[in-house]
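Hi,

Here is the structure I promised to pass on. Have a look at it first, and then read my notes below.

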Amino acid sequence: MEFYNYLKSLHLIFVITWFAGLFYIVRLFVYQIEANDKPSPEKEILQKQYKIMTYRLWYIITWPSAILASFFAFWMLFFTDLGSAWLKMPWMHVKLGFVFVLYLYHLKCHQIYKQLQNDDFKYSSNFMRLWNEGATLILFAVVFLVILKNAINWIYGVIGIILFSVLIMLGFKFYKRIRERNKS
């Protein structure tokens, strides 16, 4: 049991750093997209710096954290007695579904990262601000699932975070209008 707790601790540490990387990389995408609208030479200076920052974050923190979080999760699930018990529970199946969605989100972020590294700007900064909420929704769903260990009750927590996200976005739009008015 003590060994299992070490595995669980390592898994949790790398899940936290993985999410930190996902949250920050999308924020850097916002800055990189907004830097593209700056005049020269500011644009080139900022773009160069953001490319370095995103490269380091993506390949030194985010990808290794995703791989190590998954490695320790697989170890717990498939090579311990307690893990095989977890795999029989419905809430764990839902959690693994969210982990799959998280990897899809991660891979989409990787695609966006590569586009921005090649100066291919397909998305607006506002889209990226919304995109950043995807990881938050997955995090809330997984945390509620793990704590409540119920395949249904996690929905209430996710509905709460969606409503909270809507309030944040309304606040963002309100703040944007104030900023635009003050520019005039």
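Let me start with Glu34, which is partly exposed because its relative accessible area is 29%. By that I mean in between the two limits: buried is under 20% relative accessible area and exposed is over 50% (1.4 Å probe, protein chains only). Before you read on, note that this is a predicted model, where local features need pLDDT of at least 70 and side-chain atom pairs count only at pLDDT 80 or more, while totals for chains, interfaces and linings use all residues. Residues are numbered from 1 along each chain as its sequence is written, and side-chain values use heavy atoms, with hydrogens and water left out.

Back to Glu34: what does this residue pair with? Arg129 forms a salt bridge with Glu34, and the closest N and O atoms are 2.9 Å apart. (A salt bridge here is a side-chain nitrogen of Lys or Arg within 4 Å of a carboxyl oxygen of Asp or Glu.) Since Arg129 lies in helix α5 and Glu34 in helix α1 (residues 2-35), the pair ties together parts that are 95 residues apart in sequence. Arg129 itself counts as buried, because its relative accessibility is 15%.

How many salt bridges does a search of the whole structure find? The search gives three. Another one joins the side chains of Asp119 and Lys51, at 2.9 Å from N to O. Asp119 sits in the loop between α4 (90-117) and α5, and Lys51 in helix α2 (residues 42-78), so this pair links parts that are 68 residues apart in sequence. Asp119 is partly exposed, at 45% relative accessibility. Then there is Asp120 with Lys122, whose side chains meet in a salt bridge at 3.8 Å, N to O. In that pair Asp120 is partly exposed with 31%, whereas Lys122 counts as exposed with 54%.

Now the whole chain. It has six helices and zero strands; helices (H or I, at least four residues) and strands (E, at least two) are DSSP runs, numbered from the N terminus. The C-alpha atoms fill a box of roughly 65 × 35 × 25 Å along the principal axes. Of the 184 residues, 36% are buried. Among contacts with a separation of 6 or more, 77% are between residues 24 or more positions apart, a contact being heavy atoms within 4.5 Å. The chain exposes about 11,200 Å², and carbon and sulfur atoms supply 69% of that; accessible areas come from the Shrake-Rupley method with a 1.4 Å probe, and for residues only the protein chains shown count as cover.

Two more spots to look at. Is Lys95 buried or exposed? Lys95, in helix α4, is buried, with a relative accessible area of 15%. Leaving out residues up to four places away in sequence, Lys95 touches His11, Val142, Leu145 and Val146.

The other spot is a nonpolar surface patch of about 430 Å², made by Phe140, Val143, Phe144, Ile147 and Leu148. Patches are made of residues with over 30% relative accessible area and no salt bridge, with like charges joined within 9 Å and nonpolar side chains (Val, Leu, Ile, Met, Phe, Trp, Tyr) within 5 Å. Phe140 is found in helix α5 (residues 125-148) and counts as partly exposed, at 31% relative accessibility.

Cheers
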